[in-house]
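Thanks, everyone. I have one structure today, and I will go through a few of its residues and then the ligand.

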Amino acid sequence: MKKPLFRTPHPSAKGMTFPKLSKRVVIRHGASKNSKPAPVGAIEINSLEAIRNNSDKFKMKEIFQEVEVRSPECFENTQENREIFKQKGWNVVFKKRRHKRSQGMEFLKVGEIDKLSDPIYEGGLLERRINIRREWRVHCAPALDRFFAMEKRKRLDHVESLNRNLETCVFRKDFDEPDNWQEALTLTKKAIEAMGLDVACVDLAWSGKFFYIIETNAASGLGEETKAWYEQCYREVAEIKTQNA
Ligand SMILES: Nc1ncnc2c1ncn2[C@@H]1O[C@H](COP(=O)(O)OP(=O)(O)O)[C@@H](O)[C@H]1O
Ligand SMILES: [Mg+2]
């Protein structure tokens, strides 16, 4: 038993120890232009195609739409689409198409949307800004029907922040599940499955009325506890895939 090939090291996976799987198992957290497909006969956890779909926000949103996963409405940043936001009175989150760790992300009120006509915003996307009441990071391995959820609770010094991330939130695994939590898990599994990912996570938001998938993540910040959870899932998913191969 050798260490698995690990084709595309990702900063989020830093410090992660990989389970000793067969050397024919490829685990991916990310991809670059130069990433190569897995060798013939290898078992892949998070395929190159899934990773590529996941790292293109337009593609991600398109897939959500196809399978009817609720996610905030999203449009290309064009004059025509900015007019739609004005008509609807929607506040906006500007994101880059290949958005990474909130870089370049902006929360704007609908009245500020014309700012996005500046050429520096070209090629980006306009997302409807929803009023998030609660948010979770939910990890899921669809083939195992297994979940690991943590609530992102705003830190007191960041209550005004619109962005829920490692800087502004504490992640708590002991949280009060809303009555309709099963719905959230079903939505999570559907999103990750549709993206073609095997072990991944979502940002899941509750607006007070609906659950929304904000995004799927192939590589999440891996805390100690999550790490053990991922390692176990990699092992079991690899086993299932080997049996089915
Ligand atoms: N459409 C939206 N409406 C309201 N809040 C959002 C929206 N999109 C993102 N956010 C907030 O910003 C955070 C970061 O956005 P996300 O799309 O997950 O990008 P990333 O995590 O890659 O920076 C989310 O976890 C959420 O708290
Ligand atoms: Mg996110």
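Start with R137, which sits in strand β7, residues 134–141. Keep in mind that this is a predicted model. Is R137 buried or exposed? R137 counts as buried, because 24 C-beta neighbours lie inside 10 Å, and the cut-off for buried is 20 or more. Leaving out residues up to four places away in sequence, R137 touches M150, K152, F171, C201, D203 and S220. T216 is 79 residues from R137 in sequence, and the C-alpha to C-alpha distance between the two is 9.7 Å.

In general, nonpolar side chains tend to be buried together in soluble globular proteins. Here the largest nonpolar core has 42 residues. Which of them touch the most other members? They are I45, A191, M195, V199, L204, I213 and Y234. Helix α4, residues 181–195, gives this core its largest share, six residues. Take A191 as an example: with residues up to four places away in sequence not counted, A191 touches F64, V69, V202, I213 and T216. There is also a second, separate core, of nine residues, and F85, L116, L125 and L126 are among them.

Now to helix α3, residues 79–88. This helix lies largely in the open, because the number of buried residues among its 10 is one. After α3 comes G89, with a positive phi near 75°.

Then strand β4, residues 92–95. V92 and F94 point one way from the strand, V93 and K95 point the other way, and all are buried. What does β4 pair with? One partner is β5, residues 106–108, in the antiparallel sense over three bridges, and there F94 stands opposite E106. β4 also pairs with β6, again in the antiparallel sense, over four bridges. On that side the bridge partner of V92 is R128.

Two backbone angles deserve a remark. Most residues other than glycine have a negative phi. N46 is not a glycine, yet its phi is positive, about 70°. D145 is not a glycine either, and its phi is positive at about 55°. Where do they sit? N46 lies in the loop between β2, residues 43–45, and α1, residues 48–54. D145 is in the loop between β7 and β8, the latter being residues 146–154. As for burial, N46 is buried, because 26 other C-beta atoms lie within 10 Å. D145 has 9 C-beta neighbours inside 10 Å and so counts as exposed, the limit for exposed being 12 or fewer.

Last, the ligand. How many residues are around ligand 1? There are 18, and P72, S102, R129, N163 and R164 come nearest. The elements that give two or more residues to this shell are β6, residues 125–128, and β11, residues 211–217. By class, the shell has six nonpolar, four polar and eight charged residues. Domain 1, which covers 5–70 and 131–244, contributes at least three residues to the shell, and so does domain 2, covering 74–128.

To tie two parts together: β6 is the strand that pairs with β4 over four bridges, and it also gives two or more residues to the shell around ligand 1. That is what I have, and I will take questions.

Technical notes. Residues numbered from 1 in each chain as written. Chains lettered and ligands numbered in written order. Predicted model: local features only at pLDDT ≥ 70, side-chain atom pairs only at ≥ 80, totals over all residues. Near = placed C-beta within 6 Å. Nonpolar A, V, L, I, M, F, W, Y, C, P; charged D, E, K, R; others polar. Domains from an automatic or database assignment. Core = buried A, V, L, I, M, F, W, Y, C linked by C-beta atoms within 7 Å. Contact = placed C-beta atoms within 7 Å. Pairing = 2+ DSSP bridges.
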